[in-house]
Amino acid sequence: QVQLVESGGGLVQAGGSLRLSCAASGRTFSTYAMGWFRQAPGKEREFVAAINRGGSMSYYADSVKGRFTISRDNVKNTAYLQMNSLKPEDTAVYYCAAASSYGGSSYYTRDLSYAYWGQGTQVTVSS
């Protein structure tokens, strides 16, 4: 089992950057694939990015490709989401999640693949 705590959210102007962190408890962080999802008011939760256990493979939603970068540090038990060139439509609560199994891109983009979730951090991008 793993507990996840997100941080780094806040208010930023369009075009700005933020880096979200997801700190995981326990000594088995490297056995989990990690994902980032977001949910805007009145909308369903959507996939943002994912990274496999070793950090060698990453996946992105088309809407953030080229602007966001997911990474992880298995020594620090932390996953990151670097968000650049932020747009007002990126405004949402961002959640990190951990998946204990593995698969291809279709697996990592499904929220049902993730058993553990953080509490979320708010990101607001002003125009």
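The structure is a predicted model. This briefing covers its nonpolar core, its disulfide and one of its sheets.

**Nonpolar core**
- The largest nonpolar core holds 40 residues.
- M34, W36, L81, M83 and Y94 are the members that touch the most others in this core.
- Strand β9, residues 92-99, supplies the largest share of the core, with six residues.

**Disulfide**
- A disulfide is a covalent bond between the sulfur atoms of two cysteines.
- The count for this model is one disulfide, and it joins C22 to C96 with an S to S distance of 2.0 Å.
- C22 lies in strand β3 (residues 18-24) and C96 in strand β9, so the bond ties together parts that are 74 residues apart in sequence.
- The link of C22 and C96 is right-handed, with 55 degrees about the S-S bond.
- C22 and C96 are both buried.

**Sheet**
- Strands of a sheet pair through backbone hydrogen bonds, either parallel or antiparallel.
- Four strands make up an open sheet in the order β1-β3-β8-β7, with antiparallel pairing.
- β1 (4-7) and β7 (68-73) stand at the edges with a single partner strand each, so one side of each has no neighbour in the sheet.
- On average, neighbouring strands of this sheet are turned by 15 degrees against each other, direction ignored.
- β3 pairs with strand β8 (residues 78-83) over six bridges in the antiparallel sense.
- L20 has L81 in β8 as its bridge partner.

Note on methods. Residues numbered from 1 in each chain as written. Predicted model: local features only at pLDDT ≥ 70, side-chain atom pairs only at ≥ 80, totals over all residues. Heavy atoms only, no water. Core = buried A, V, L, I, M, F, W, Y, C linked by side-chain atoms within 4.5 Å. Buried < 20%, exposed > 50% of the residue type's maximum accessible area, 1.4 Å probe, protein only. Helix = DSSP H or I, 4+ residues; strand = E, 2+ residues; numbered from the N terminus. Disulfide = S-S within 2.5 Å. Pairing = 2+ DSSP bridges. Axes fitted to C-alpha atoms, helices over the stretch in contact; angles between N-to-C directions.
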